[in-house]
Amino acid sequence: MSEFNTPVSCEQVSPSRIAPADAVKNGVAYLLAGLGVFGIVEGAQLIVGFVWGVGFAALWAVGFFTGDVEAVFDASLVYALALAQLLTLTVTMPWWWCRIRPRSFSSARDRRLPRGGASFMRVAGIILLGVAMQMIISYILSLVLPMFPSLEQGYDEMMNDGATSELSAISLLVVAVGAPISEEIACRGLMLEFSLRVVCPEWHDAWRERTCRHRARLPLGDASAMRVPPARFWIANLIQAVLFGILHMNLVQGIYAGAMGLVFGWVFWRSGKMRYNIGLHLVLNFSSYFVGGIDTVLGLLGPIVELAAFMAMLVLGTVLFWLGTKEGQGPSKVLPL
């Protein structure tokens, strides 16, 4: 490990001076790293859920809780979710912020975005995208789920358990703040980065050199040279989106979460800034509390017009965000997607 101790050794690991990384070994290693992040998020939920269940049973046995045991336990689960999100952040935030982010593929896209009208377009695009995605998914589920009664019953029970379905300070904190931050850092910050390294083994040595320079506190060099062809980006984006869907541990939610994961991945890659992902996730989750009201208002126009309005919002939001991140993106720096 002495190669990482002095600035001089950084030249010894220059991509032009060592043999290219083995593509298979590289792919397996980073795929396992992505699965490791998956395990951290899922493990945090399982561990906290188990401890919470045991603790609840003990407190119930001594008479700390009273009333309908199932209802009280379901209502308390929102606090367990908050603890699981905090545990996930405790592990993934330092990993991403301190070790991965400064030397990541996405750092090449983390450029100074234009302000003024472009900032307005980005924010407006995020809001329109979040609301449109929520409403389109709800609309599709209302049409498809009745065809599968068993799936519909299980999904309704999960979504109406009282822990996060009712608007309250703690449910808002978990759904609209905790979930967007913890899931975006884990899935788009870490999983997407490791997926990109799976499909781009030729940049392994360049990333290794940047790691060396980071540890030696030297300039990292031009990360924009590490280009990712659009086709490979979408393969990597699909990998992280599938893992994101599986994380939800429910067939129905997993399918539409995977589809949303593709959009989240594009937003992060397009801007290179995590705040837009967190904002989009926040808007999407927060708008879930108002699906009924929005549907009631737009439903007066008829189902066809209502769906057309949602699709128009989706297209307009995508175009606005694309335009808002277009300026200043030189073709010699990164490949546009």
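Which side chain meets Arg 188 in a salt bridge? Glu 184 does, with an N to O distance of 2.7 Å; a salt bridge here is a side-chain nitrogen of Lys or Arg within 4 Å of a carboxyl oxygen of Asp or Glu. Before going further, keep in mind that this is a predicted model, where local features need pLDDT of at least 70, side-chain atom pairs count only at pLDDT 80 or more, and totals for chains, interfaces and linings use all residues. Residues are numbered from 1 along each chain as its sequence is written, and side-chain values use heavy atoms, leaving out hydrogens and water.

Back to the pair. Arg 188 and Glu 184 sit four residues apart in helix 5 (residues 169-199), so about one helical turn separates them. Helices here are DSSP runs of H or I with at least four residues, numbered from the N terminus. Arg 188 is buried at 0% relative accessibility, and Glu 184 is buried at 0% too; buried means under 20% relative accessible area, with a 1.4 Å probe and protein chains only.

By this rule the count comes to two salt bridges. Glu 193 pairs with Arg 197, their closest N and O atoms being 2.8 Å apart. These two are also four residues apart in helix 5, so about one helical turn lies between them. Glu 193 is buried at 2% relative accessible area, and Arg 197 is buried at 3%.

Now for the empty space. Rolling a probe the size of a water molecule over the atoms shows where such space is left. On a 1 Å grid over the protein atoms alone, a cavity is a set of points where a 1.4 Å probe fits but cannot get out, while a pocket is an open set with protein on both sides within 12 Å along at least five of seven lines; lining residues have an atom within 4 Å of a point.

The whole structure holds two cavities of 30 Å³ or more, and the second largest cavity has about 40 Å³ of space. Its lining includes Tyr 30, Met 191, Phe 194 and Leu 243. Helix 1 (23-61), helix 5 and helix 7 (230-247) each give at least two residues to that lining.

The second largest pocket has a volume of about 370 Å³. Of its 18 lining residues, Ile 137, Ile 140, Ile 255, Tyr 256 and Ala 259 lie nearest the centre. Helix 3 (117-144) and helix 8 (251-271) are the elements giving two or more residues to this lining.

Methods. Points joined across faces, edges and corners; volume = space filled by probe spheres on them. Buried < 20%, exposed > 50% of the residue type's maximum accessible area, 1.4 Å probe, protein only.
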